[in-house]
Amino acid sequence: MNDRERLAGIDPCGVERASVLDRAFYDRAPEFVARGLLGRHLIRRSREGVVTGRIVETEAYLFREDPACHAARGRTPSNRAMFGPPGHAYVYPIHSRYCFNVVTERRGIGSAVLIRAVEPLAGVALMQRRRRRDAIRDLARGPARLCEAFAIDRRLDHHNLTVPRQLWIADPRDGIPEGGQIGCSPRIGVTSGHGLLLRYFVLNNPFVSGTRRHQRRFTHEES
DNA sequence: CTACCGATTGACT
DNA sequence: GTCAATCGGTAGA
């Protein structure tokens, strides 16, 4: 980056550095990060082109008293990124696919936020090619579909999301209904920790995953 | 080494 | 709604 670019706040890719979510954003409890990510834009730049999507569904995974969290039984070679610095990616394989998380809280605390769905914005044709599917609603509705559409795999495990390179999340929010009300429910697919309401989603957004049953809003009074 | 399993998806009734 | 494919990670012999 030369001085002119530095002064303009522009990196060599032409992206405004100020628009990228920074370390401080991720260095908080995962419940806050999960809610705060709704409405932000996920951006993936690769040799094939650029794709972007609005984050509409997330899930928090807690370091303590959360049996569904991959860090619950300590460090393993596979979950190492979870214990690393906040704002880095934790990408792990499941059922021969991938899921993408952002690491939260300080180094040594194994917590993260799973990005479950985005609403496609730019690069729809590229996403359709990667997914071998035309229906826009199904391009990134679900964590593994999202990874396929955005070409996210284990090579991006540990990737630093706080610089605008390959994969990052932009600061501006949009697409949240008036009043800022968001949905809250148990997490999808987990075999434990069902009493925890750690899934967050944009209400009435058709790009949120799950069936109609999953779109029901829970309150903290019910189990 | 083998056995088991999952934060999923897509096809099908 | 149901169900099976699929394979890396993990635990245990």
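## Terms and model

A polar contact is a pair of N or O atoms within 3.5 Å; within protein, one must be able to donate a hydrogen and the other to accept it, and residues adjacent in sequence count only if both atoms are side-chain atoms. This is a predicted model, in which local features need pLDDT of at least 70 and side-chain atom pairs count only at pLDDT 80 or more, while totals for chains, interfaces and linings use all residues. Residues are numbered from 1 along each chain as its sequence is written, chains are lettered from A and ligands numbered from 1 in the order in which they are written, and side-chain values use heavy atoms, with hydrogens and water left out.

## DNA strand C

A phosphate oxygen of DNA strand C is 2.2 Å from an N or O atom in the side chain of T76.

Sugar or phosphate accounts for 93% of the atoms of DNA strand C within 4 Å of the protein, and bases for the rest.

## DNA strand B

Around DNA strand B there are 21 residues, of which H70, Y92, N101, A144 and R145 come nearest. The side chain of H70 has an N or O atom 2.9 Å from a base nitrogen of DNA strand B, and a polar backbone atom of A68 is 3.3 Å from a base nitrogen. R116 has a side-chain N or O atom 3.3 Å from a phosphate oxygen.

The surface near DNA strand B has 10 nonpolar, 6 polar and 5 charged residues. At least two residues each come from β3 (89–94), β4 (97–103), β5 (112–122) and α5 (143–149); α5 gives the most, with 3 residues. Helices (H or I, at least four residues) and strands (E, at least two) are DSSP runs, numbered from the N terminus.

## Helix α4

Helix α4 covers residues 124–131, and its L126, M127, R130 and R131 are buried. Buried means under 20% relative accessible area, exposed over 50%, and partly exposed in between (1.4 Å probe, protein chains only). Seen down the helix axis, the buried residues of α4 fall within an arc of 125 degrees, so they line one face; the arc is that of the directions from the axis to the C-beta atoms.

These buried residues pack against β1 (41–46), β2 (49–61), β5 and α5, where contact means heavy atoms within 4.5 Å. The face turned away from the buried side carries the exposed residues A125 and R129. Just after α4, R132 takes a positive phi of about 55 degrees.

## Residue N205

N205 is in the segment after β8 (199–201) and is buried, with a relative accessible area of 13%. Leaving aside neighbours within four places in sequence, N205 is in contact with V56 and E119. The side chains of N205 and E119 are joined by a polar contact of 3.0 Å. A polar atom of the N205 side chain also lies 2.8 Å from the backbone nitrogen of F207.

Conventions:
A residue is near a molecule or strand if one of its heavy atoms lies within 4 Å of it. Ala, Val, Leu, Ile, Met, Phe, Trp, Tyr, Cys and Pro count as nonpolar, Asp, Glu, Lys and Arg as charged, and the others, Gly among them, as polar.
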